[in-house]
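Thanks for coming, everyone. I have one chain to walk you through today.

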Amino acid sequence: MSEQNTPGTAPPVALWPAVDELWSRLEATRRHAGPEGVLLRILKLSEEVGEVAQAVIGATGQNPRKGVTHTWEDVQGELCDVAITALVALRTLTPDAEGVFARHLTRVTERPLGPAAP
């Protein structure tokens, strides 16, 4: 069953063309080239993961000084930012990001979930 767009929502975006577009825009405005630029792009992922943690803490009210500061929708958005940042970082390492990701996803989905039978 395919998903239907509800009125007022944007049509779905094709993942890999969007990743390539984001990568191209970042490449056009980058301040650091070479290995340093690659490392900084990968380090951006750590920043985004920290924002997920901050949103979870905020959604659960775990900081008694701040209380509830985020929603679970905020957490969803931050998780999306992590995924996008990771895919753009992968694209930075290889122009075949789609193929690399597809092959890796196949290997991961074929792994058994539990220990091998004796």
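First, a term: helices and strands here are DSSP runs, a helix having at least four residues and a strand at least two, numbered from the N terminus. With that in hand, the order along the sequence reads α-α-α-α. That is four helices and zero strands. Keep in mind that this is a predicted model.

Next, overall dimensions. The C-alpha atoms fill a box of roughly 55 × 45 × 40 Å along the principal axes. The radius of gyration is 18 Å, whereas a compact globule of 118 residues would come in near 13 Å.

What about burial? Of the 118 residues, 19% count as buried. The chain exposes about 9,100 Å², and carbon and sulfur atoms supply 62% of that area.

Now contacts. Take those with a separation of 6 or more: residues 24 or more positions apart account for 50% of them.

Charges, quickly. There are 11 positive and 15 negative ones, and their mean positions sit 6 Å apart.

Now zoom in. How many aromatic pairs does the structure hold? One. The partners are tryptophan 16 and phenylalanine 101, with 5.9 Å from centre to centre and 55° between the planes, a tilted arrangement. Tryptophan 16 belongs to helix 1, residues 15–29, and phenylalanine 101 to helix 4, residues 97–110, so the pair ties together parts 85 residues apart in sequence.

Phenylalanine 101, at 35%, counts as partly exposed.

Terms used:
Residues are numbered from 1 along each chain as its sequence is written. This is a predicted model: local features need pLDDT of at least 70, side-chain atom pairs count only at pLDDT 80 or more; totals for chains, interfaces and linings use all residues. Side-chain values use heavy atoms; hydrogens and water are left out. The radius of gyration is taken over C-alpha atoms; the globule rule is 2.2 Å times the number of residues to the power 0.38. Buried means under 20% relative accessible area, exposed over 50%, partly exposed in between (1.4 Å probe, protein chains only). Contact means heavy atoms within 4.5 Å. Accessible areas come from the Shrake-Rupley method with a 1.4 Å probe; for residues, only the protein chains shown count as cover. Lys and Arg count as positive and Asp and Glu as negative; His and the chain ends are not counted. The place of a charge is taken as NZ of Lys, CZ of Arg, CG of Asp or CD of Glu. Rings of Phe, Tyr and Trp (its six-membered ring) pair if their centres lie within 6.5 Å; planes under 30 degrees apart count as stacked, over 60 as edge-to-face and the rest as tilted.
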